[in-house]
Structures are given as structure tokens and as C-alpha cells.
Amino acid sequence: MSMILTNDQLLQAFQSSLLSIYDEIIVTNGKGTILFLGGKLKNFWSTNTTLMIGRTLTELEEISFFGDPILQLLNKEANSLQLKAWNGNTILITVFQSNGINEELMVWGLKSISDRLMDSIEITAEPDIKHTPSMVVHSQKMKDVFHTIEMVSKVSTTVLLLGESGVGKEMFAKTIHQLGNRRSKPFIAVNCGAIPENLLESELFGYVGGAFSGANKNGAPGKFELANEGIIFLDEIAELPLNLQVKLLRILQEKEVTPLGSSKPIQIDVQIIAATNQSLEKMVGEGRFREDLYYRLNVVPIEIPSLRERTEEIPYLIYHFVGKYNTLYHRNINVLPDAIDLLSIYDWPGNVRQLENTIERIVVTSKELNVDSSLVYKYIPKKAAVKEPPMIHHIMPLQEAVDMIEEQLIKMAIDKYKSVKLAAKVLDVSQPTMSRKYKKIREKMQHKTLSPLNKRKILEEHLNKQLRSMAIVTSTVILPEEILELVNPSMSPSNLTYKNVQKKLTKIREQEGIIEWVYIFKVLDNNKMLTIVASEDFVLPPGHIYEGPPEMMEVAFEAMDGKAGVTPLYEDIYGEWKTSFAPLTDHNGNVLAIIGFDHTKSYIETELKKIGNMI
């Protein structure tokens, strides 16, 4: 006997099936507004789930995830992501598209993969990457570094680690040792800048009894000999004196070391990893570092990014250091999400070392178990400095300038912090406002997926807007009284007003640097244009009648009607141009003439490329 299921029974069956796979399911509309919840993620949402209906997932993102996973999934950039939550949980989110009766629906499946952050730092790059307790890999730059480290760990090649002070160069050297074939052999670290120069030679290469006054009568092995069959890490290699650079070069070439006071070399098998925060190439040019040694050390250079270049890893480092020092000092400090936000938008000039020291200080000195942003203020500056101010190259209407600055600041903040949430905090706006503004910017950036023809059209619209603004603003330097005198039929080029205006137009061309010619035309009754005055070296003399191509004349006529505009790229007998026109008016707003700015085809093509790279 067949049984017909009701809609409620079918929905219950589908819900049960999904909850057998996921811990929680959420149904939203296409904008992320929550319509239904089923199941429950344990100890996850910090708000009552019954109060979540009607709210958007982007609103809840601030109390859940670091980064912008919801935005990525809403924009259909991914169907499934494995993400770290602020409380340390790893959450798998998968989204399914579905068509509702009246609108598109999205079904979200959430599953907790781990109950707490692992005691050791996790490498969250690719699934097949090994784990090591000393590294965090959560950005593309760090993934690239880690893959290089994996490769060099399998061989005995010389490695040169480059990067700012505090990025953790010794940690990376130890990781190479841990991952490689020499892991069971010695790892010897030497700071070349911390040992007095008169002791450095004996420290590195060893000495025999009686080699110098006060020497041990039995002699002593050097660091290279102690590192035999293993790895020696030479930190601050730039501090190595020139005379010792010669001996290091011999070790690299001959694989042997001669102790101080001895003439008998000792064969050694050592992999050398050097590190510096200075430019060895520059030091070579200044004669402070041997060129031949530089090339011997620079076999596999690895640039380690600063912490401000990988801000998305800061929360995971914070959790790691909090756990480390809580255990060490028997504390139970919890750093709250708003404090992590503040720590994430600081530039960290001292990199990971400074971050670790700051977290240790917080754990040791905090009187509160739950540390929020107000408590963190005393440890770091209150504001993260934006070091690269947006540039305005031409005068333009104020609102257009405000829009341009806003867009540039938003893109700078997003590029730096990789997070709408953090960008909102550093720019001091709400997250919903930032999400809305960034969505508009992203829509403008979608031109990258368009056909070349449509791409060019969008880029040209951007350029036309800039050129039109420049024409409107620049036209204000010509006074109405001057125009009235210039359009008088009896006016002569020898007239003082003519010469003054010509100087103004020439100065405009020279100051802007992007204009080939500047001129003032008057439209005649026969739909042709009369040259009134122009910048020096203009091809048309005053009083010359000009009739350009239709696409150019159309924009000129519109300017005579009071509407500024920009022509498409056109060709006349003088070349290929794009021209911006603006009306010149009297005090009553009556158009007396028009001002034109000619731009060459080569300039237009160059500028379109620049805009394409910018947006």
C-alpha cells in the first residue's frame, strides 16, 4: 500500500537528512537574512538562536568568524569553506542554492570540526601539508614560504633567510631542520652580532690548546664542528667581519674548517642557513660584504613576510600565545574578539616577536580574566596608521573627490586586513555600512570577468569621469569678463586680454602635463566652430573655422548648451584624440563659448591601463 507524504513530512525528512551530516542548518534569502534554523552548534553563537530569525548572517559574522567567509559565500565565490571561528573552533560551512516560490533561497550547513584550538599551531594551507608546532600558515605568502621550506628541507643546499627583525627567522630555520633528513642531527644557532669580534673566530671555528692567551689547554671545538652532519644557523650574517667572511667562504667551498692555532683542516658535513634583516646586495656595493660570499649564501633566498603583510594570521598567533602563557604562568586569561580586532589592525613593527611579548605582558599583568579592547589600549597605540594616503592628481568637484578617497581608503583597508570587519573598525564605520560600500566597489571590479570590449567601455567611463571633472574645474580660471571681450568680433591677437588668456591656457597645459592642447571655441550658426584663443603652439590660428568629426562635434554642441562632456576617441586631420569640453558662462549662466582639452591616443591608452590596474 503506497503512502503519500505531506509537505511537512517531506520537510522533516530533508531536515533530518541534513542534520545527520551537519550540526546546524540555516535557511536564508539571497541577501543572507535568516528565515529558519535547525539543529544547534554547541557553544558557538553568543546570542540566543531564537533571536536570530530576521537578522542577516553578515551581522552575526562579527561575533563568529575572523575574516569574511559569509561575504565570500553570499557572493558565490565559494560553495564550501573550512574556517576558524573567534572562539577557536574550526567550522565547515557549505552553502546550497535553492529556488523558493518567490525568491532565491540559500541553505547553509555548519559543522564543527574541532571543539577547541589545537595546542600546537596548525598549518592551514593545503590538506596534504605536514604539521609542525612552530609555524602558522594562513596566508598565500606564508603558503609560498612554507612550500619553499619543504623543498629545501629535502636537500643540503645553502639557504638565506631574509626579513625584518622579529619575523621569526630562527623559527623557520628550525622548521627546515625538523622537516629534513638532518632532524636527528644537531641544530646549532649562532648570532653573529651578539658575540664580540675577538671571540667570534674561536666560537665559530674552534681552537687548539695554546692557540691564544687564556685558551683551554685541551682546545675546544667550534660551532661548525659541533654542527657536523646537522645544520648551523648563522643569524645576523651581515655582522660577520670581513676577515671571517673569507674563512666562511672556504668552509662553503671546501667543506672543511681549520681551528684557530692549527694547520690541520677538519672535514665537516654541515648545511648552512644564514639570516639577515639587512640588504647584503647593498652591503656588497658598499664594500662591507664580500661579493663571492654573498653569491655562495644566496643559493636559495627565502623572503619571510612581515606580520603586517599577513594580518589574517594574527588571531591564530594570539590564541597560540595566550594558551602558551596561560599554561606557563598558570593563568586563565581570555582575549575577547574586540581586543583581537584591535590587535589585528596594529602594524606590529616588531613583528611576531613584538606580538608574542605583548600577549605575554597581557597574560601576566591583566587583572581581568576577560581582556577586551579597552584593556589592550595601554599596550599598543590606539590607532593603526594608514601610511599611504590616497592621492588626488587633479582638482575636481568635492563630492567626486570624497567618493574617490572613500573608495581608495576602503580598498587599501581591505587589501591590508583581508577582512571587511577589520577594515570597518580601522575606518571607524559599522560593518553593515562597510559591507554595503565594499559590495559596490566589488561590482565595479567585476569588469575583470567581462569581455575585452566591455572592459574597455567600463574603464573609459572611469577615465571620462576624471576628464570631465578636470574640464569643469579648470574652466573656472577663465573669467566671464575675459570671455565677453574675447568673443567680440573686433578682438585682435595683439589684445592684452587675448595674451593673458593665452598664457592661462598655456599654463594649464604645462601644469596638468596630460593635455596636448587647450583652446576656446565659439559655436557658429552654421554648426561650425570658430577658434577664439588657444594655448601656445595650437595648430589652429585665432579666427579659423573648424568642423570636426560628428562624434566630436556632438559633444561640443552639448557643451554650448551648458552640458560638459567627453568625446569618444576620434580622428581628424591632426591626429587621434579624446577631447573634454566645458561651457564658459557669464554671471547669469548664459553660455558664451566652450573650452576644450585635447588628449592624445597614447595618453588615453596609458591612462586606461593605469585605471585597470587600480580598480
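**Entry 1: Asp-292 and Arg-290**

I looked up the side chains of Asp-292 and Arg-290 and found that they meet in a salt bridge, with 2.7 Å from N to O. I count as a salt bridge a side-chain nitrogen of Lys or Arg within 4 Å of a carboxyl oxygen of Asp or Glu. Asp-292 is partly exposed at a relative accessible area of 32%, and Arg-290 is partly exposed at 29%. Here buried means under 20% relative accessible area, exposed means over 50%, and partly exposed lies in between (1.4 Å probe, protein chains only). I note that the model is predicted: local features need pLDDT of at least 70, side-chain atom pairs count only at pLDDT 80 or more, and totals for chains, interfaces and linings use all residues. Residues are numbered from 1 along each chain as its sequence is written, and side-chain values use heavy atoms, with hydrogens and water left out.

**Entry 2: Other salt bridges**

I searched the whole structure and recorded 18 salt bridges. As a general point, side chains of opposite charge can pair when their charged atoms come close.

One of the pairs I examined is Glu-460 with Lys-578, whose side chains meet at 2.7 Å, N to O. This pair links distant parts of the chain, 118 residues apart, with Glu-460 in helix 18 (residues 452–474) and Lys-578 in strand 20 (residues 575–585). Glu-460 is buried at 15% relative accessibility, and Lys-578 is buried at 0%.

I then turned to Glu-482 and Lys-504, whose closest N and O atoms are 3.1 Å apart in a salt bridge. Glu-482 lies in helix 19 (residues 480–486) and Lys-504 in helix 20 (residues 496–512), 22 residues apart. Glu-482 is buried at 13% relative accessibility, whereas Lys-504 is partly exposed at 26%.

**Entry 3: Arg-182**

I located Arg-182 in the loop between helix 5 (169–179) and strand 7 (187–191). Its relative accessible area is 11%, so Arg-182 counts as buried. Leaving out residues up to four places away in sequence, Arg-182 touches several residues, among them Ser-156, Glu-229 and Asp-269; contact means heavy atoms within 4.5 Å. The side chains of Arg-182 and Ser-156 are joined by a polar contact of 2.9 Å. A polar contact is a pair of N or O atoms within 3.5 Å; within protein, one must be able to donate a hydrogen and the other to accept it, and residues adjacent in sequence count only if both atoms are side-chain atoms.

**Entry 4: Nonpolar cores**

I identified a largest nonpolar core of 38 residues, in which Leu-343, Trp-348 and Ile-380 are among those that touch the most other members. Such a core is a set of buried Ala, Val, Leu, Ile, Met, Phe, Trp, Tyr and Cys residues joined through side-chain atoms within 4.5 Å. Elements giving two or more residues to this core include helix 11 (314–329), helix 12 and helix 13 (351–365). Helix 11 supplies the largest share, seven residues.

Beyond its neighbours within four places in sequence, Ile-380 is in contact with Leu-342, Leu-343, Tyr-346, Trp-348 and Thr-358. In helix 12 (residues 337–344), six of the eight residues are buried, including Leu-342 and Leu-343.

I also noted a second, separate core of 32 residues, which includes Phe-205, Ile-237, Leu-249 and Phe-289.

**Entry 5: Whole chain**

I recorded 22 helices and 21 strands in the protein chain. Of its 615 residues, 47% count as buried.

Note on methods:
Helices (H or I, at least four residues) and strands (E, at least two) are DSSP runs, numbered from the N terminus.
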